[in-house]
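Please examine the sequence and the model displayed below before reading the report.

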Amino acid sequence: MTKIYIVRHCEALGNVMRIFQGTTDLDISELGAKQLEFLKKRFENKKIDRVLSSPLIRARKTAEAVIGKKDIPLEILDNLIELNGGIVEGRPFIEAFNDNPELLDAWNNHPENFAPKNGEKMRDAYERIWNTLIKVVKENKNKTVVLSTHGGLTRCLNCRLLYGDIANLKNTPWAENTAVSLIEFDDKLNPNVIFYNNISHLPKEFINKKSRIIKTIEGGKQ
């Protein structure tokens with residue numbers, strides 16, 4: 001079996017600011033740093049062969065916590081980066097979606113059709129993360145690998161693993177910050193989801209849950 005852990009990054013400043021963080025490279029928050037201490041403890045006694053991370057700082061610091069005192073390098077894998085929001089990238093959600101109501105409807109009701117101008121289509125991100133995962137599995141037979149990535153990509157991946165069709169993306173739950181999933185692959189690349197979006201390492205006071213449904217100013221503030 002090849003074991004792949006998928007870890008969403010800790011809370012970052014963009015999560016606190018409620019902006020479309022995407023590929024915007026903001027540092028982690030004070031709460032995020034505390035979350036990483038618990039994530040570090042979760043992985044400290046687990047045998048891990050490789051840790052691959054998105055190049056963004058929030059994912060890299062999360063990957064470093066997973067490594068802890070292990071004598072393995074942090075490897076950057078560009079294809080683990082979050083979806084680029086294009087015209088809504090780096091902007092407050094309310095402002096960005098008030099200016100682009102067609103994207104608001106897609107985000108809330110038809111996320112598989114989310115396709116911001118100058119950004120990455122959700123359908124492309126869905127294929128990208130799956131192809132990246134399969135490539136990692138093929139290159140690491142019978143090893144244990146951790147992928148440190150982002151909420152949007154984690155949701156796309158879980159959608160494929162749980163439902164097999166991007167049309168079910170709306171029904172796929174978001175991963176909270178530092179949530180961990182474990183997928184095992186056999187020699188024929190058949191996946192088995194052992195668990196997903198698990199945050200059992202975090203005390204309740206360190207789980208900062210936020211709704212991902214965006215309400216415009218006309219519809220009421222978030």
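The report that follows treats helix packing, the nonpolar cores, the aromatic pairs and selected loop residues.

## Basis of the report

The structure is a predicted model, and local features are described where pLDDT is at least 70.

## Packing of α6 against α7

Helix α6 spans residues 122-139 and helix α7 spans residues 151-162; their axes come within 9 Å and cross at roughly 75°. Angles of 65 to 115 degrees count as roughly perpendicular, and α6 and α7 therefore stand roughly perpendicular to each other.

On the α6 side, the contact is made by Met122, Ala125, Tyr126, Glu127, Arg128, Ile129, Trp130 and Leu133. On the α7 side, the contributing residues are Leu153, Cys156, Leu157, Cys159, Arg160 and Leu161. By class, the residues of this contact comprise 11 nonpolar, no polar and three charged.

## The nonpolar cores

The largest nonpolar core holds 35 residues, of which Ile4, Phe20, Phe97, Phe114, Leu133 and Leu147 touch the most other members. Two or more residues of this core come from each of β1 (2-8), α4 (93-99), α5 (101-109), α6, β4 (144-149), α7 and β5 (180-185). The greatest contribution is that of α6, with nine residues.

Leucine 133, one of the residues that touch the most other members of the core, also belongs to the contact of α6 with α7. With neighbours within four places in sequence left aside, leucine 133 is in contact with Ile4, Ile6, Leu147, Leu157 and Phe185. Another core, of 17 residues, lies apart from the largest one and includes Tyr5, Ile28, Val180 and Leu182.

## Aromatic pairs

The model contains 11 aromatic pairs. One of them joins phenylalanine 97 and tryptophan 107 in a tilted arrangement, with 6.0 Å centre to centre and 40° between the planes. Phenylalanine 97 lies in helix α4 and tryptophan 107 in helix α5, so this pair ties together parts that are 10 residues apart in sequence.

Both partners are buried: phenylalanine 97 has a relative accessibility of 1%, and tryptophan 107 has a relative accessible area of 11%. The cut-off for buried is under 20%. Ring pairs also link Phe20, Phe93, Phe97, Trp107, Phe114 and Trp174 into a cluster. Of these residues, Phe20, Phe97 and Phe114 are among those that touch the most other members of the largest nonpolar core.

## The enclosed helix α3

Helix α3 covers residues 57-67; eight of its 11 residues are buried, so the helix is largely enclosed by the rest of the structure. The buried residues are Ile57, Arg58, Ala59, Thr62, Ala63, Ala65, Val66 and Ile67.

The elements covering these buried residues include β1, α2, β2 (50-53), β3 (74-76) and β4. Glycine 68 follows α3 and has a positive phi, near 55°.

Glutamate 95 lies in helix α4 and is partly exposed, with a relative accessible area of 39%. Glutamate 95 and isoleucine 19 are 76 residues apart in sequence, while their C-alpha atoms are 9.2 Å apart in space.

Asparagine 100 is placed in the loop between α4 and α5 and counts as buried at 11% relative accessibility. Not counting residues up to four places away in sequence, asparagine 100 touches Ile87, Val88 and Arg91. The C-alpha atoms of asparagine 100 and isoleucine 87 are separated by 8.8 Å, although the two residues are 13 residues apart along the chain.

## Other loop residues

Lysine 117 is situated in the loop between α5 and α6 and counts as exposed, at 59% relative accessibility. Its contacts, leaving aside neighbours within four places in sequence, are Gly86 and Ile87.

Arginine 18 is found in the loop between α1 (13-17) and α2 (30-43). Threonine 178 is found in the loop between α7 and β5 and is buried, with a relative accessible area of 0%.

Conventions
Residues numbered from 1 in each chain as written. Predicted model: local features only at pLDDT ≥ 70, side-chain atom pairs only at ≥ 80, totals over all residues. Heavy atoms only, no water. Axes fitted to C-alpha atoms, helices over the stretch in contact; angles between N-to-C directions. Helix = DSSP H or I, 4+ residues; strand = E, 2+ residues; numbered from the N terminus. Parallel < 35°, antiparallel > 145°, perpendicular 65-115°, else oblique. Contact = heavy atoms within 4.5 Å. Nonpolar A, V, L, I, M, F, W, Y, C, P; charged D, E, K, R; others polar. Core = buried A, V, L, I, M, F, W, Y, C linked by side-chain atoms within 4.5 Å. Buried < 20%, exposed > 50% of the residue type's maximum accessible area, 1.4 Å probe, protein only. Phe/Tyr/Trp six-rings, centres within 6.5 Å; stacked < 30°, edge-to-face > 60°.
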